[in-house]
Amino acid sequence: MTERKPPGVPFESWVDKQIREATERGAFDDLPGAGKPLPSLDRPYDELWWIREKMAREGLSHLPASLRLRKEVEDAMEAASRAPSEREVRRIVEEVNDKIRTGIRTPMDGPPLNLVPYDVEDVLARWRAERG
């Protein structure tokens with residue numbers, strides 16, 4: 001922990017002294033990202049950049065529940081189309097259907113859900129057709 005700035009010492013020189021001493025101790029050696037360009041240097045300025053990065057790092061979402069479920073269903077159906085077996089397709093679709101049914105039964109914030117459970121056999125037929 002740094003010490004308090006002594007009274008009567010100009011602020012800038014006190015800060016410069018703290019930085020110089022830390023540099024001499026090697027406190028800034030081997031920092032993550034050293035020598036690498038800033039990742040957001042070419043993007044327009046966003047004053048909420050740190051919030052967006054923290055949410056992305058922690059897998060958080062700021063979407064209302066109904067939109068979150070729609071996105072989850074979309075991702076699940078994409079995963080089902082890439083599934084290696086019929087059993088896996090069936091498992092994914094049944095899981096997402098359970099979530100859709102729960103979403104229909106319980107009120108959710110955000111826009112209307114506008115989803116109905118998927119017909120597992122239709123999804124499997126499309127999966128088979130894609131496999132040829």
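Is asparagine 114 buried or exposed? Asparagine 114 is exposed, at a relative accessible area of 66% (exposed is over 50%, buried under 20% and partly exposed in between, with a 1.4 Å probe and protein chains only). The model is predicted, so local features need pLDDT of at least 70 and side-chain atom pairs count only at pLDDT 80 or more, while totals for chains, interfaces and linings use all residues. Residues are numbered from 1 along each chain as its sequence is written, and side-chain values use heavy atoms, leaving out hydrogens and water.

**Positive phi**

- Most residues other than glycine have a negative phi.
- Asparagine 114 has a positive phi, near 55 degrees, and sits in the loop between helix H4 (86-105) and helix H5 (120-131) (helices are DSSP runs of H or I with at least four residues, numbered from the N terminus).
- Aspartate 30, also not a glycine, has a positive phi of about 60 degrees.
- The loop between helix H1 (11-25) and helix H2 (49-58) holds aspartate 30, which is exposed with a relative accessible area of 79%.

**Leucine 41**

- Leucine 41 lies in the loop between H1 and H2 and is exposed, with a relative accessible area of 64%.
- From leucine 41 to methionine 55 there are 14 residues in sequence and 20 Å in space, C-alpha to C-alpha.

- Valine 73 is in contact (heavy atoms within 4.5 Å) with Val96, Ile100, Leu115 and Tyr118, leaving aside residues up to four places away in sequence.

Key: Helix = DSSP H or I, 4+ residues; strand = E, 2+ residues; numbered from the N terminus.
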